[in-house]
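Here's a quick briefing to read with the model open beside you. Start with the overall layout, then work through the sheet, the helix and a handful of loop residues.

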Amino acid sequence: MKATTTIKTRASLSNWFSKNLGDAMLASEAIASLENYFLTRYTDAKQPKDMAIFMRHESEGRLHCEVKVYFSPAAADIAKELNAEPCQKPYPNGLSLLAGAEEAWQTLFPSAEPRLP
């Protein structure tokens, strides 16, 4: 029972979600669609400072990089609607803010330097 409790505790600590949008050369339409969808929901939620989507180009050793987006915990409902996968909080290196308030950087990554797309 203790192992199950430990797993549940770890899972509850990671409320971030990620979604791979595929090849960076082909992802512009998916990025625009995601951003528009998010902005509608973000506005409806009264623009919370901790609700954001971050993006990074990741290659993981492959020839072409892929675009990966990360939904903050406050955007979890949106992430789930879009079939994003739970993940650990991303490292801020290489991330850019796709959508949300610029204050999201300070709120979610207090020691990181903000970057815009």
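From the N terminus on, the elements run α-β-α-β-β-α-β-β-α, which gives the chain four helices and five strands. Keep in mind that this is a predicted model. The five strands build an open, antiparallel sheet, and helix H2 packs on that sheet.

**The chain as a whole**
- Of the 117 residues in the chain, 34% are buried.
- The chain exposes about 7500 Å², and carbon and sulfur atoms supply 53% of that area.
- Take the contacts between residues at least 6 apart in sequence: 63% of them join residues at least 24 apart.

**The sheet**
- In what order do the strands of the open sheet sit? Reading across, they go S4-S1-S3-S2-S5, with antiparallel pairing.
- S4 and S5 are the edge strands, each with a single partner, so one side of each has no neighbour in the sheet.
- From one strand to the next, the twist averages 35°.
- S1 (residues 16–23) and S3 (residues 66–71) are paired over six bridges, in the antiparallel sense. If you want a residue pair to look up, lysine 19 has valine 69 in S3 as its bridge partner.
- S1 also pairs with S4 (residues 85–87), antiparallel again, over three bridges. Here serine 18 has glutamate 85 in S4 as its bridge partner.
- Phenylalanine 54 has its bridge partner in S5, namely leucine 97.
- As a reminder for looking at any of these, side chains in a regular strand alternate between the two faces of the sheet.

**Helix H2**
- H2 spans residues 28–44, so to speak a run of 17 residues, and reaches 25 Å from its first C-alpha to its last, close to the 24 Å expected.
- Which residues of H2 are buried? They include Ile31, Leu34, Phe38 and Tyr42.
- Those residues cover an arc of only 70° around the axis, which puts them on the same side of H2.
- Turn to the other side of H2 and you'll find Glu29, Asn36 and Asp44, which are exposed.
- What covers the buried residues of H2 includes strands S1, S2 (52–58), S3 and S5 (96–100), together with helix H3 (76–81).
- In packing on the sheet, H2 touches S1, S2, S3 and S5, and its direction makes about 45° with that of S5.

**Positive phi values**
- Lysine 46, which follows H2, has a positive phi near 70°.
- Glutamine 47 isn't a glycine either, yet its phi is positive at about 55°. You'll find glutamine 47 in the loop between H2 and S2, and its relative accessible area of 46% makes it partly exposed.
- Asparagine 83 has a positive phi too, near 60°. Asparagine 83 lies in the loop between H3 and S4 and counts as exposed, at 60% relative accessibility.

**Cysteine 65**
- Where is cysteine 65 found? It's in the loop between S2 and S3.
- Is cysteine 65 buried or partly exposed? It counts as partly exposed, with a relative accessibility of 29%.
- Leaving aside neighbours within four places in sequence, cysteine 65 is in contact with Gly22, Asp23, Ala24, His57, Glu58 and Ser59.
- Cysteine 65 and glycine 22 are 43 residues apart in sequence, while their C-alpha atoms are 8.2 Å apart in space.

**Lysine 49**
- Lysine 49 has its place in the loop between H2 and S2.
- With 51% relative accessibility, lysine 49 counts as exposed; the cut-off for that label is over 50%.
- Which residues does lysine 49 contact, leaving aside neighbours within four places in sequence? They are Ala101, Glu103, Ala104 and Thr107.
- Lysine 49 and glutamate 102 are 53 residues apart in sequence and 7.8 Å apart in space, C-alpha to C-alpha.

Methods:
Residues numbered from 1 in each chain as written. Predicted model: local features only at pLDDT ≥ 70, side-chain atom pairs only at ≥ 80, totals over all residues. Heavy atoms only, no water. Pairing = 2+ DSSP bridges. Helix = DSSP H or I, 4+ residues; strand = E, 2+ residues; numbered from the N terminus. Buried < 20%, exposed > 50% of the residue type's maximum accessible area, 1.4 Å probe, protein only. Contact = heavy atoms within 4.5 Å. Areas by Shrake-Rupley, 256 points an atom, 1.4 Å probe, with all protein chains shown as cover. Expected span 1.5 Å × (residues − 1). Arc of directions from axis to C-beta. Axes fitted to C-alpha atoms, helices over the stretch in contact; angles between N-to-C directions.
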